[in-house]
Structures are given as structure tokens and as C-alpha cells.
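Please read them with the coordinates open.

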Amino acid sequence: SFGIGRFAYELVRGVDCPYLATYVDRHYLSESDVPITNQNSLCIFEHDTSLPLRRHFSDAHSLYYGGLRKNTLVIRAVSTLINYDYVWDFMFYSNGAVEVRVHATGYISSSFLHDQGTNYGNKVGPHTLGTMHLHHIHYKVDLDIDGRSHLVRSPGLEEVICPHG
């Protein structure tokens, strides 16, 4: 219900995602007995990183060039939580690498500046305090590489433990 769940709303074509991206509806169950749909709240597009994945030019004994563009498939959602918007990117590269990024944007969390307020933030206006705080993003990844035969169940525990560490 948090993150890319119920707080991820419709994306703006050409701003949140490229104009020609594929936009997908998301369905979820949160504080409801029936599925809720957020239309066009997920986008999928190919991104050219403007770097080669690999390249080589040889002029030693023969002239040749070989190279491959570094494109990535991006799945994106944007979550709005109070004054912040979080852009979630799940990036899949042609070499099998997976990258996850989150970008925080939105508006500053502020309060009225009085007395010793600068002990808890920074003065950002004549009577405005930008409150000091942190944002933590945590991921849990559960990958089954080459099937599940290398996993064992520990007696009495519900979690799966890999015997190889």
C-alpha cells in the first residue's frame, strides 16, 4: 500500500515518462474489499543511455569495429506522499543487469521559524524553517536462480534459507 501501491497515480505523458511510452493501469487491494484501479499509473519504455555497452576498434593487424548500444527497459511509477513525489525506476539491461533507482522530488517540508528552530533545520525564508529529516528506502529481493532446488526449509521457520550462504 506504500510506495508504488495506492499512492501511485496517473502519469503525465511527456513529463513523467516519454510521450510514446506504454502506459499501464494498476490494480490493487488496500483498505477495500474490491480491487481499485489507478489508470495509466505505470509506464514502460526503452531508454538509450548514450553509452556503449561494449565496443572495440582495432587497427593493430586488421581494421574492424564491434559494438553494442547500452539500452535499458524501464518500468516507472511515481508515488505522491504528502509533499513528496518519488520516481521509481526499475531498469533491465540487455546484459542481464537489473538496477533500481528512486528519485525524490516535490516540495520542501517546512514549518514556522521561531526561537531555536535552526537547531532542527535550516532557515529557507524570513520566517520559514526547512525541517531536517532523512528518507530511507529499503528493498527486499528474493531471486530463485536456476530454480528452487538449491533452497532448503529450516524446520519451524517460515523463511527460506540458502545453504550456500
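The points below cover confidence, the sheet and the disulfide.

1. The model is predicted: local features need pLDDT of at least 70, side-chain atom pairs count only at pLDDT 80 or more, and totals for chains, interfaces and linings use all residues. Residues are numbered from 1 along each chain as its sequence is written, and side-chain values use heavy atoms, with hydrogens and water left out.

2. The protein chain has a mean pLDDT (the predictor's confidence in each residue, from 0 to 100) of 84, with 87% of its residues at 70 or more. Over residues 157–165 pLDDT stays under 50, and the model has 15 contacts for them beyond four places in sequence; contact means heavy atoms within 4.5 Å.

3. Strand 1 and strand 2 (residues 36–58) run antiparallel and are joined by six bridges. Thr-22 is opposite Ile-44 in strand 2.

4. There is one disulfide (a pair of cysteine sulfur atoms within 2.5 Å) in the structure. Its partners are Cys-17 and Cys-43, with sulfur atoms 2.0 Å apart. Cys-17 is in the segment before strand 1 and Cys-43 in strand 2, so the pair ties together parts 26 residues apart in sequence.

5. The S-S torsion of Cys-17 and Cys-43 is about -75°, so this disulfide is left-handed. Cys-17 and Cys-43 are both buried, that is, under 20% relative accessible area (1.4 Å probe, protein chains only).

Terms used:
Two strands pair if DSSP finds at least two bridges between them. Helices (H or I, at least four residues) and strands (E, at least two) are DSSP runs, numbered from the N terminus. Buried means under 20% relative accessible area, exposed over 50%, partly exposed in between (1.4 Å probe, protein chains only).
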